[in-house]
Amino acid sequence: MAKSSNIEMITGDPKKAIVKLALPMMLSMLLIMLYNIADSIWVAGLGADALAAVGFITPLFMVLVGLGNGIGAGANSLIARYIGAGNRDQANNAGLHGILLAIIVSLIFTVIIEVFMVPILQMMGAGSTIQYAMDYSYIIFGFLFVFVYSGVASAIFRSEGDMRRATIAIAVTAIMNIILDPVFIYVLNFGISGAAWATVISAILSCLVMSYWIWGKKDLYLDLTLKNFKYSTKMIIDNLQVAIPSTLESLVFSILAIIINSMLVMAADTTAVAVYTASMRIVQLAMIPLIGLGTAVLTVAGVAYGARNYQNLKTSHSYAIKLGFAISIALGAVMFVFSSPIATMFSYTEASAALSPQIAHAISVLSLFVLAIPHGMMSSMVFQGVGKGTYSLLITLLRSLILESVFAYLFCFIFGWGLTGIYAGVVFGCFVGGTVGYIWAKIFISKFKKMAKKETIPEEN
């Protein structure tokens, strides 16, 4: 079968491939962040406790999303490597194994999270916000499979370079969620539960669209009909070698958020959590181009590794970092300059008006975070693309769980900088950890050059 234009694109010039893959992904991530921000803005109208409750649930929700994205990253990496090696049959089987993992993992974790939700919230110090948090979380986590499957299905499209439909599917989720949020929260008077139902219903619609393209229209490069499924323990393990570390990275980010939230409560009160939650929504919005670049690098690096193409692997890493820094400087400046107007989005009611100056200050400091992340993020995504998910996890552990939390504590409580110290510690720890990851990736790529010269036939490790 002749290669499709998408396959020709991801196996060709890595710079062009990264741009063509990244731009739709940036749009996808923008839509995702817009509906996340919409959630926060609409929930903020219910008061500081409701917004803080979303802040407590967000780390757990990131674990939920991380399950799907982790298995999706494993499938994406494995499929891309098989495409690079010219093995379409195995690429088909890798996609089917990704879906199988999505079913098994989501069922297991749905039970675990629902059973232990209250103790988890109590451990996090939800306090007076716990009822809000429970009303929101039981609905979200009860539909875990929807989010896990969505992450895997979207990754399958990305793995073969089909960013158009991956973007459309995410657009369905984002637009519907933005529309349904005010309806369920205020018109139907569901309160914070309405925000959860809007998110779940929107995600279900997206899953139905992607399922139609995969099994109804059947015009992908990959053929994911059951006749192409041949169970392989090795393929499960290969997927999990990326999926588990990738999922654990999301868990690391969630644990970090829990730690930071605890520090904020210690340094001030739950209002500080509401301020940090709102400001980080804006930071995450500014990080969209970097996430888009990183996702593109995962696919391009995986194809290059499967084809044993050293030059394409090296180029994808260095080019994405340069482009990432250029974009980050511009976005960081915008965040700093317009921090006050941005903060007003989260303080439009009498119940939340007092938060505005605090949110503006947090945004102005955290604008530096966007500049601190490109080199570390792109290095981690290269490792995921080549199937070395553990390396990516170690970088994230060092950068986030260790350095960011340690410096946040030092700057806040030891140096006495207060809340500003927590923000500054997160930024500084991210930069230092990312630098270590960058050096490690450069060493790995240099060693890959020697390995690629020795091998004439791509093999899976």
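Visitor: Where does L107 sit?
Guide: L107 is in helix α4, residues 88-115. Helices here are DSSP runs of H or I, at least four residues long, numbered from the N terminus. Keep in mind that this is a predicted model: local features need pLDDT of at least 70, side-chain atom pairs count only at pLDDT 80 or more, and totals for chains, interfaces and linings use all residues. Residues are numbered from 1 along each chain as its sequence is written, and side-chain values use heavy atoms, with hydrogens and water left out.

Visitor: Is L107 buried or exposed?
Guide: L107 is exposed, with a relative accessible area of 56%. Buried means under 20% relative accessible area, exposed means over 50%, and partly exposed is in between (1.4 Å probe, protein chains only).

Visitor: How many Å separate L107 and V386?
Guide: Their C-alpha atoms are separated by 29 Å. Along the chain, L107 and V386 are 279 residues apart.

Visitor: Back to α4. How do α4 and α6 cross?
Guide: Two packed helices are described by the angle between their axes and the distance between the axes. For α4 and helix α6 (residues 130-142), the axes come within 9 Å and cross at roughly 165 degrees. Axes are lines fitted to C-alpha atoms, for helices over the stretch in contact, and angles run from 0 to 180 degrees between N-to-C directions.

Visitor: So are they roughly parallel or antiparallel?
Guide: α4 and α6 are roughly antiparallel to each other. The cut-offs are under 35 degrees for roughly parallel, over 145 for roughly antiparallel, 65 to 115 for roughly perpendicular, and oblique for the rest.

Visitor: Which residues make the contact of α4 and α6?
Guide: From α4, T110, I113 and E114. From α6, S137, Y138, F141 and G142. Contact means heavy atoms within 4.5 Å. By class, there are three nonpolar, three polar and one charged residues. Ala, Val, Leu, Ile, Met, Phe, Trp, Tyr, Cys and Pro count as nonpolar, Asp, Glu, Lys and Arg as charged, and the others, Gly among them, as polar.

Visitor: What about α7 and α9, at what angle do they pack?
Guide: About 40 degrees, with their axes 9 Å apart. That makes α7 oblique to α9. Helix α7 covers residues 144-159, and helix α9 covers 192-217.

Visitor: Left-handed or right-handed?
Guide: The crossing of α7 and α9 is left-handed. A crossing is left-handed if the near helix is turned anticlockwise from the far one by less than a right angle, and right-handed if clockwise.

Visitor: Which residues of α7 and α9 meet?
Guide: Residues including F147, Y149 and F157 in α7 meet α9 residues, among them M210, W213 and W215. The contact of α7 with α9 has 13 nonpolar, five polar and no charged residues.

Visitor: One more pair. How do α12 and α16 pack?
Guide: At an angle of about 30 degrees, with their axes 7 Å apart. That makes α12 roughly parallel to α16. The contact of α12 with α16 has 11 nonpolar, five polar and no charged residues. α12 passes α16 in a right-handed crossing.

Visitor: New topic. Where is S392, and is S392 buried or exposed?
Guide: S392 is in helix α17, residues 389-414. S392 is buried, with a relative accessible area of 0%.

Visitor: What is S392 in contact with?
Guide: Leaving aside its neighbours within four places in sequence, S392 is in contact with E249, S380, F383 and Q384. A polar contact of 3.4 Å joins the side chains of S392 and Q384. Such a contact is a pair of N or O atoms within 3.5 Å; within protein, one must be able to donate a hydrogen and the other to accept it, and residues adjacent in sequence count only if both atoms are side-chain atoms. The backbone oxygen of S380 also lies 3.4 Å from a polar atom of the S392 side chain.

Visitor: And the loops? What is the phi of N189?
Guide: Positive, about 60 degrees, although N189 is not a glycine. N189 lies in the loop between α8 (163-187) and α9. At 63% relative accessibility, N189 counts as exposed.

Visitor: What about R308, where does R308 lie?
Guide: In the loop between α12 (288-306) and α13 (310-337). R308 has a phi near 55 degrees, a positive value in a residue other than glycine. At 10% relative accessibility, R308 counts as buried.

Technical notes:
Helices (H or I, at least four residues) and strands (E, at least two) are DSSP runs, numbered from the N terminus.
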